[in-house]
Amino acid sequence: MKKLFRNSAAVVCVLVILLKPSLNSRASAAETAKNDALTSGMQRELQRAQSDLGKLDPAPYFISYSVYDQTSAMALGSQGSLISSVHTRRRSANVIVRVGTPALDNTHEENRSSALSSGSLPLNDDSDAIAHVLWQLTYGEYRKASQAYLNVKTKTQVHAQEEDTSPDFSRETPQSHAGYNDDAPEPDRLVFEDLARRYSAYLRKYPYIYSSNVVLTAQRTQFHFVSSEGSHVVTTGALVRLAIEADTWADDGMELMRVETFQAESADHLPAEAEVSARMEKMASDLKALRAAPVAEPFDGPALLSGRASAVFFHEVLGHRLEGHRQRGEQEGQTFTKKINQQVLPEFLSVTDDPTLRTLNGRDLGGWYEYDDEGMPASRVEVIKDGILKNFLLSRMPIKNFANSNGHGRSQAGLMVTGRQGNLIVSSSRTTKDSELRQKLIDEIKKQGKPYGLYFEDIQGGFTLTQRAMPQAFQVLPVLVWRVYPDGRPDELVRGVDIVGTPLAAMNRILLTGDKPEVFNGICGAESGSVPVSAVAPAMVFSEIEVQKRAHSLNRPPILAPPGFDANGGRP
Amino acid sequence: MIGKHPITIRWSDGRPCPSAMKQRLAIAIALIGLLVGGVQAKDRVMTAADDPVLQAMRTELDRSKSALKLEGMAAPYYIDYRVIDMDAYAAEAAFGALRNEVHARFRFLRVVVRVGDYKQDSFFGQGQGAMDFMPLDNDVVALRHQIWLATDNAYKAATEALTAKQAQLKQYNVDQPVDDFARAEPVVSIGPFAKLDFDTQPWSKMLQDASALYKSDPQIESFDSSLNFAAVNRYFVTSEGTVVRSGQTVYDLRIAGTTQAADGMKLDRSHGYSVTNTKELPSEGTLLADTTKLLATLKQLRDAPIADEEYRGPVLFSAHAASSVFSDLVGDNVLGLKPDLGQPARTKGAYTASYKTRVLPDFLSIVDDPTLVSVNGRSLMGKYDVDDEGVRAMPVPVIENGKLVNYLMGREPIRDFPTSNGHGRARLPQNYPGPSLGNFVVHASETSSPEELKKKLIDLCRQHELPYGYYVETLGPQRTPRLLYKVWAKDGHQELVRGAMFDDLDARALRSDLVAAGNDVNVENLPLNIPHSIVNPSILVDELEVKRANANKDKLPEYPAPAVAAR
């Protein structure tokens with residue numbers, strides 16, 4: 001069998017906290033009746049395609065048009081100066097054509113991308129021009145889909161029966177939603193340019209921060225979806241991100257990086273300047289301490305992960321393995337496929353994915369949406385209840401015993417949807433006050449007779465492998481790691497290690513958790529593109545975490561002193 | 001732009017491999033293709049002393065010259081800094097509506113540090129320079145910061161590259177070693193800033209109006225119009241003492257459409273205007289008239305018969321069509337490109353062994369003259385004073401009476417050409433300078449009027465007892481005929497055909513079979529990558545093979561185009 005996704009490399013997820021304009025957030029508030037020339041144009045052209053292509057053999061049984069009408073702004077600053085500022089408006093159209101039947105269609109197995117063609121639509125509501133572009137995309141897409149369908153039919157006759165004989169497309173109730181929200185803010189370029197300059201100037205005073213930058217990105221998206229099933233969904237939303245990156249090298253050439261990101265629905269939900277500047281001071285002092293910190297050695301033993309670190313850990317190690325399509329791909333590792341109603345986590349842990357949650361403890365959640373990219377309503381899914389696996393994150397691609405979407409079909413414009421995470425929330429019934437967690441870690445160190453344990457304060461991201469051809473491994477990239485000694489010595493900052501492991505083993509080493517959930521907002525990249533997500537978890541004590549040395553460059557620090565610090569003829 | 005590969009692999013070996021900055025740089029460079037949104041260029045001071053960009057470049061250059069050295073390793077013998085400040089506006093309309101509009105400004109930096117000496121240096125692999133963004137604001141310390149980091153990277157990479165190069169060279173026996181880098185006199189030349197000079201409103205309206213003309217023909221499948229306007233200011237300083245600032249504007253406007261013949265053959269046409277100032281851009285009336293004409297030719301092509309399966313005989317190229325023949329088959333081959341390490345050839349390309357031999361008929365000569373401002377009132381895009389390696393532009397006779405007498409040279413010498421002749425150019429920061437065309441001017445010592453050429457074509461047909469000859473009005477990509485006519489020998493009438501291609505249109509055909517040139521002149525400005533111009537007459541080739549192309553005959557659309565609203 002071929003790979004489910006032709007392009008899928010071994011690494012299926014990278015939770016990126018650096019900036020890339022997120023491509024796909026949306027919201028809806030006031031539903032106002034509105035003369036929407038774009039949607040009505042899409043509907044007219046869809047009907048024409050349906051009736052004209054319907055006369056052909058093979059005829060499409062499903063057609064949908066999605067348009068992502070997006071305004072985005074990006075401002076990048078460094079050393080108090082603006083490096084670049086870009087403001088764009090774009091309307092991306094996805095045309096989906098499915099030929100055959102829901103039981104077997106052109107998207108089967110590795111042909112999934114044959115259902116989608118995408119292109120750019122005119123920016124104004126010129127109905128002739130919109131109709132022409134959609135027409136071009138549609139007949140081109142029909143050709144691609146019908147050719148793929150012929151291949152699919154032949155292959156299914158030649159090949160042995162697949163393990164999961166689920167249909168290729170679920171039957172769902174048509175949706176109707178008019179989420180026009182004219183209040184969703186348009187990105188303001190000048191405000192962003194000003195912030196990029198102001199914030200990036202803070203890091204100028206540290207000669208040991210060799211490079212740094214501040215990136216503000218914002219995107220307002222109005223999503224228009226119509227389908228031959230009669231769905232008609234419009235949603236509107238916005239997302240703003242502020243990311244600050246500071247880099248240095250240790251004397252042994254190891255790159256050291258600190259990144260802080262802030263994400264919200266609008267610029268006024270971002271933290272105030274005082275909070276941002278305080279974080280930057282902390283980034284600078286962290287980097288200074290890291291430069292002087294010893295390199296950690298490979299280690300296997302007790303560890304404490306902060307809430308943010310635990311959140312990333314769950315996103316990578318668990319979340320990606322719960323995505324629906326991974327249960328069906330013949331190349332996938334299928335860690336959890338047959339574990340429904342079985343214990344997969346300690347019984348005190350439960351996990352939900354709830355894209356309907358907009359904020360938590362006053363913070364905007366990045367994985368919030370009302371309708372997914374297949375026009376299905378978002379829903380809260382209880383994936384693991386008291387440690388027992390109950391459900392998966394599903395798009396309209398059914399899997400064995402799960403015939404319907406649960407509103408987790410997500411993608412960026414131009415890519416086919418798969419099941420994805422929204423807001424992954426880990427909750428616990430065995431909690432300890434956060435202030436007592438360090439002591440619990442020390443107790444465990446003593447119990448195991450280890451010389452020390454590790455505390456992971458912050459994490460920059462991670463990735464995981466889910467395909468069979470590769471080990472079912474994950475790697476989480478911490479940036480602040482402390483050695484915690486059982487004998488009362490102060491904690492010691494170390495550098496240069498990554499957390500590694502395999503999912504089933506790692507998740508059963510959790511002993512207890514803290515009592516405060518922490519939020520990690522990020523942009524997650526996988527087969528269906530980059531989507532904003534959140535992961536929420538309390539801090540956790542593990543009986544065992546394995547770390548390995550991180551590969552790093554051997555760059556010497558810069559030869560000359562930085563400009564502005566070069567009083568002595570340039571030599572530092 | 002940003003690849004559709006669905007998976008972002010940021011860490012291949014556990015470390016952040018492409019730094020965020022590099023990724024953004026790649027994105028920004030990609031953006032140049034469809035540029036926007038940006039920052040208005042503030043008016044800046046004009047003198048070299050006050051120019052903050054030059055000031056930052058010179059300060060860091062002085063600092064690096066005096067102190068950049070790793071212990072136990074050689075110090076650089078040469079350093080250059082290039083800053084490219086690009087202000088660009090791009091827009092595209094399809095079917096009468098604006099589809100894309102971008103206004104962007106970027107400043108890029110490229111630093112080259114050479115270790116070794118002019119004979120043998122580190123300009124190899126990673127040693128070919130470091131690249132980064134430069135701040136748009138004129139804060140000298142912030143500007144210097146980027147230069148400082150890039151210089152440090154470039155020096156370290158150069159040191160490693162020299163060793164790598166020497167190791168690789170040990171595998172070859174080199175008979176006639178050629179220096180790695182040519183010496184050049186320092187040049188100081190501070191030119192005025194180039195600025196974009198246009199209003200977006202009328203131009204985006206013109207694009208929409210032109211592309212709306214598709215409505216006159218329901219069988220048009222796609223129709224769009226686009227523009228790319230850019231002002232590029234370049235700064236260049238070297239440790240040899242060169243300081244250059246120069247600016248150029250490029251205005252490019254084009255229309256393109258496709259249709260299908262009844263048998264499914266895809267037909268496309270495009271038309272462009274590339275000029276250096278807005279005054280030479282077409283008026284709305286001219287643009288609409290040219291668009292109407294282009295639409296009419298698409299319809300004529302649809303109705304035209306397919307070219308005969310085989311033809312061998314005379315072909316007359318209009319000066320416009322001959323432009324890409326000269327550019328591709330001669331221009332690309334006269335560049336003095338140093339062969340890859342260890343290769344004994346003189347240059348790369350078809351003329352590598354043609355020095356001092358005949359490559360064209362003796363009535364043709366070619367000069368590349370970047371100092372030429374205009375021809376027949378049309379400004380030339382290949383005009384510049386100093387090249388991108390700090391060498392003054394000069395006219396270079398390349399082909400004299402059919403004989404190859406020179407290559408166009410940058411500062412990388414080839415055998416027998418130890419110095420630059422002012423043709424080392426680079427436009428985008430990811431490219432390092434290399435020999436390029438400037439104003440490539442083809443001159444014929446014996447000419448005929450267009451009528452005489454047509455008569456000669458018919459005479460040749462009669463001599464070879466051919467019923468018709470071919471006349472090429474325009475060529476598309478890969479020198480594929482777009483508008484190709486049969487010229488009937490019996491009465492001289494022209495008949496448009498479609499679906500033909502040339503089989504043996506190559507350097508040999510130009511040397512042996514080019515028999516006459518016209519007294520007409522076509523000026524072609526080519527803005528892509530490195531702006532240059534081709535100036536040439538029409539030409540008659542007495543024997544070429546023209547055959548039926550293996551064109552895909554796609555299906556016609558499964559259902560008709562949407563009806564357009566009544567106008």
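This is a predicted model: local features need pLDDT of at least 70, side-chain atom pairs count only at pLDDT 80 or more; totals for chains, interfaces and linings use all residues.
**View 1. Helix α3 of chain A and its buried face.** The end C-alpha atoms of helix α3 (residues 189–202) of chain A are 21 Å apart, in agreement with the 20 Å that its 14 residues should span at 1.5 Å a residue, the expected span being 1.5 Å times one less than the number of residues. In α3(A), the residues A:F192, A:E193, A:L195, A:A196, A:Y199 and A:S200 are buried (under 20% relative accessible area, with exposed meaning over 50% and partly exposed in between, for a 1.4 Å probe and protein chains only). Seen down the axis of α3(A), the buried residues fall within an arc of 165°, so they line one face of the helix; the arc is that of the directions from the helix axis to the C-beta atoms. These buried residues pack against β2 (60–78), β3 (81–99), β6 (211–227), β7 (232–249) and α4 (273–292) of chain A, contact meaning heavy atoms within 4.5 Å.

**View 2. Helix α5 of chain A.** Eleven of the eleven residues of helix α5 (residues 307–317) of chain A are buried, so this helix is largely enclosed by the rest of the structure. Among them are A:R308, A:F313, A:H315 and A:E316.

**View 3. Backbone features in loops.** A cis peptide bond, with omega about 0°, joins A:D57 and A:P58, and A:P58 lies in the loop between α1 (37–53) and β2 of chain A. A:N361, which is not a glycine, has a positive phi of about 50° and is exposed, with a relative accessible area of 62%.

**Conventions.** Residues are numbered from 1 along each chain as its sequence is written, and chains are lettered from A and ligands numbered from 1 in the order in which they are written. Local features need pLDDT of at least 70, side-chain atom pairs count only at pLDDT 80 or more, and totals for chains, interfaces and linings use all residues, while side-chain values use heavy atoms, with hydrogens and water left out.

Conventions
Helices (H or I, at least four residues) and strands (E, at least two) are DSSP runs, numbered from the N terminus.
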